[in-house]
Amino acid sequence: MSIQFEDNRVQVKAAIDSAISAFLHEAGGEMQARTVRNSRTDTEQTKGSYEYKVNESARECQIGSNLENAIWEEFGTGEYALKGNGRKGAWYVPVDTYTGSKKPTYNGKVVIVYGKNGKKFYKTNGKTPNRPLDNAFKSLKTKLIKRFGQILTDKIGR
């Protein structure tokens with residue numbers, strides 16, 4: 001009786017790579033969608049800026065935004081900064097330097113004040129953190145781990 005050895009390493013590795021790639025794209029899309037749903041909708045500029053990118057060779061997916069406001073949304077600013085390390089006290093921004101389509105709201109914590117010369121300023125003590133990315137991850141983590149197991153099972157079999 002002879003035993004025949006069959007080497008399936010290449011096919012197994014290809015199946016695992018395919019499963020990882022499929023999972024990264026699916027997880028990235030889910031995280032992006034949940035982050036968008038978690039975002040504030042003042043001007044919707046930041047909300048619409050989140051995207052994901054998969055680096056298949058590194059087997060990683062990055063979700064984020066190229067807008068500076070996304071950092072402020074995640075971690076807060078001023079007295080409301082997440083770790084308490086933001087600027088203390090109010091600061092003022094001249095109204096005529098703000099070029100957005102709407103005045104900033106900072107969650108209702110912005111007021112208009114007038115300087116000695118009558119010039120208008122936005123006054124704020126900061127912005128509370130909303131944590132759209134962190135909350136998306138926390139809410140999807142268990143579901144995504146389970147989904148990865150399903151994808152591996154589907155691609156490789158039991």
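The following dialogue examines how terms are applied to this predicted model.

Guide: This is a predicted model in which local features need pLDDT of at least 70, side-chain atom pairs count only at pLDDT 80 or more, and totals for chains, interfaces and linings use all residues. Residues are numbered from 1 along each chain as its sequence is written, and side-chain values use heavy atoms, with hydrogens and water left out.

Visitor: Why is Glu 73 called buried?

Guide: Buried means under 20% relative accessible area, exposed means over 50%, and partly exposed lies in between (1.4 Å probe, protein chains only). Glu 73 has a relative accessible area of 6%, and therefore counts as buried. The residue lies in helix α2; helices (H or I, at least four residues) and strands (E, at least two) are DSSP runs, numbered from the N terminus.

Visitor: Which residues does Glu 73 touch, not counting residues up to four places away in sequence?

Guide: Contact means heavy atoms within 4.5 Å. On that basis Glu 73 touches Arg 40, Thr 46, Lys 127, Pro 129, Asn 130, Arg 131 and Pro 132.

Visitor: What makes the pairing of Glu 73 with Arg 40 a salt bridge?

Guide: A salt bridge is a side-chain nitrogen of Lys or Arg within 4 Å of a carboxyl oxygen of Asp or Glu. The closest N and O atoms of Glu 73 and Arg 40 are 3.1 Å apart, so the pair meets the definition. The pair links distant parts of the chain, with Glu 73 in helix α2 and Arg 40 in the loop between α1 and β1, 33 residues apart. Arg 40 has a relative accessible area of 21% and is therefore partly exposed.

Visitor: How many salt bridges does a search of the whole structure find?

Guide: The search finds eleven salt bridges. Among them is the one between Lys 53 and Glu 51, at 3.9 Å from N to O. Lys 53, at 54%, is exposed, whereas Glu 51, at 41%, is partly exposed.

Visitor: How far apart are the closest N and O atoms of Lys 138 and Asp 134, and what separates these residues in helix α3?

Guide: The closest N and O atoms of Lys 138 and Asp 134 are 2.9 Å apart, and the two residues form a salt bridge. Because they are four residues apart in helix α3, about one helical turn separates them. Salt bridges that share partners join Glu 74, Arg 131, Asp 134 and Lys 138 into one network.

Visitor: How do you know that the end-to-end distance of helix α3 agrees with its number of residues?

Guide: The expected span of a helix is 1.5 Å times one less than its number of residues. Helix α3 (residues 132–156) has 25 residues and should therefore span 36 Å; its end C-alpha atoms are 34 Å apart, which agrees. Helix α1, with 30 residues, reaches 42 Å from its first C-alpha to its last, close to the 44 Å expected.

Visitor: Where is the kink in α3 centred?

Guide: The kink, of about 50°, is centred on Leu 140. The bend at a residue is the angle between axes fitted to the seven residues ending there and the seven starting there.

Visitor: Which residues of α3 are buried, and what covers them?

Guide: Pro 132, Ala 136, Leu 140, Leu 144 and Ile 151 are buried in α3, and their cover includes α1 (9–38) and α2. The buried residues of α1, including Phe 23, Leu 24 and Met 31, pack against β1 (51–55), β2 (60–64) and α3.

Visitor: Why are Ile 71, Trp 72, Phe 75 and Leu 82 called a nonpolar patch?

Guide: Patches are made of residues with over 30% relative accessible area and no salt bridge; like charges are joined within 9 Å, nonpolar side chains (Val, Leu, Ile, Met, Phe, Trp, Tyr) within 5 Å. Phe 75, in helix α2 (residues 68–75), has 42% relative accessibility and so counts as partly exposed. Together the four residues have about 360 Å² of accessible area, by the Shrake-Rupley method with a 1.4 Å probe, where for residues only the protein chains shown count as cover.
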